[in-house]
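User: I would like to go through this model with you. Could we begin with how its contacts are counted?

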Amino acid sequence: MAPNVGASNFTAVRAPAAQGLDVTAATITVTVGAASEQRTFYIHSGLACNHSKAIVKLYHKPGDEGRIIRLGEDDPEAFEMFARFLYSGKVHSRMEGDIDSDQAEVYDNEWPRLTLGWRLGDRLQSPSFKDAVVDAVCEKMQNDRRYPVSLYQDIYPHTSAGAPLRRLIVDIAVWKWHAHNFRATEFHGSWNDFFRDLAVRQFEIGKEGRKDPAPFSTPNCIYHEHGDDYPCYRTMF
Ligand SMILES: [Zn+2]
């Protein structure tokens, strides 16, 4: 007999049939990456369109062309994370051998993978995937007890003012950086916005405010983009 795993604790397993995914709809073929590294993905159109406004536009182009979407400039590994997220609600970002401790400082390959994922979500206009990636960043910090000190270099040049990921990166610096992190940092013109946002946020929070738990230490929607018009991805799976 199977063990009673959480038998007294029902989660929301039932859902209205009318809200279920249309699994009879056509699949979309998506080719991703430049010729030498191109990969092909097949995903249900209803699911892809539910999570990406950009795919809606590409899919509904006149003619049959919409059945094949070509994303020649995007990263196949990042798209694989997006496609897997569509079916699981999880960000499959961890890989064996991600930590490279042979370097002078520990280098963790999962960070750039998450950054690429968020940028792809931005191009695909997918608030749900972006929000899930932000949560993955928060979960990673919580589990590893390590806080990134150079992600802004990757994120700021590729995001716009007010992007939730920018706000998270600034808050990590406000709550977790120490003076030596600032002394060791490099400066470059394309990172000016980061240091300006950081200075503003430092003043807003103040020394006393920094004693409060960091806003990213508990799950919430403050770094999410969905707003009131779009459901939180956590309610979609
Ligand atoms: Zn949310």
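Analyst: Two residues are in contact if their C-beta atoms, placed from the backbone, lie within 7 Å. Please note that this is a predicted model.

User: On that basis, what share of the contacts with a separation of 6 or more comes from residues 24 or more positions apart?

Analyst: Such residues account for 64% of those contacts in the protein.

User: How many helices and strands are there, and in what order do they run?

Analyst: The protein has nine helices and five strands. Starting at the N terminus, the order is β-β-α-α-β-α-β-β-α-α-α-α-α-α.

User: What does the C-alpha trace span along its principal axes, and what percentage of the residues count as buried?

Analyst: The trace spans about 55 × 50 × 40 Å along those axes. Of the 237 residues, 26% count as buried.

User: Next, the domains. Where are the bounds, and what separates the centres?

Analyst: Domain 1 covers 25–145 and domain 2 covers 147–228. Their centres, taken over C-alpha atoms, are separated by 23 Å. The contact takes 15 residues from domain 1 and 16 residues from domain 2.

User: Which elements give two or more residues to the side of domain 1 that touches domain 2?

Analyst: Those elements are H4 and H5. H5 gives the most to that side, with 10 residues. By class, the side of domain 1 that touches domain 2 has eight nonpolar, three polar and four charged residues.

User: Which residues have the most contacts inside the largest nonpolar core?

Analyst: They are Val30, Phe79, Phe82, Val133, Leu168 and Ile169, in a core of 43 residues. Helix H5 (residues 127–144) gives the most to this core, with seven residues.

User: A change of topic: at what angle do H3 and H4 pack?

Analyst: Helix H3 (residues 76–88) and helix H4 (residues 110–123) pack at about 70°, and their axes are 9 Å apart. The angle makes H3 roughly perpendicular to H4, because angles of 65 to 115 degrees count as such.

User: Which residues make that contact?

Analyst: H3 contributes Glu77, Ala78, Phe79, Met81 and Phe82, while H4 contributes Arg113, Leu116, Gly117, Leu120 and Gly121. By class, this contact has six nonpolar, two polar and two charged residues.

Conventions: Residues are numbered from 1 along each chain as its sequence is written. This is a predicted model: local features need pLDDT of at least 70, side-chain atom pairs count only at pLDDT 80 or more; totals for chains, interfaces and linings use all residues. Axes are lines fitted to C-alpha atoms, for helices over the stretch in contact, and angles run from 0 to 180 degrees between N-to-C directions. Helices (H or I, at least four residues) and strands (E, at least two) are DSSP runs, numbered from the N terminus. Angles under 35 degrees count as roughly parallel, over 145 as roughly antiparallel, 65 to 115 as roughly perpendicular and the rest as oblique. Ala, Val, Leu, Ile, Met, Phe, Trp, Tyr, Cys and Pro count as nonpolar, Asp, Glu, Lys and Arg as charged, and the others, Gly among them, as polar. A residue is buried if 20 or more other C-beta atoms lie within 10 Å of its own, exposed if 12 or fewer, and partly exposed in between; C-beta atoms are placed from the backbone. A nonpolar core is a set of buried Ala, Val, Leu, Ile, Met, Phe, Trp, Tyr and Cys residues joined through C-beta atoms within 7 Å. Domain bounds come from an automatic or database domain assignment.
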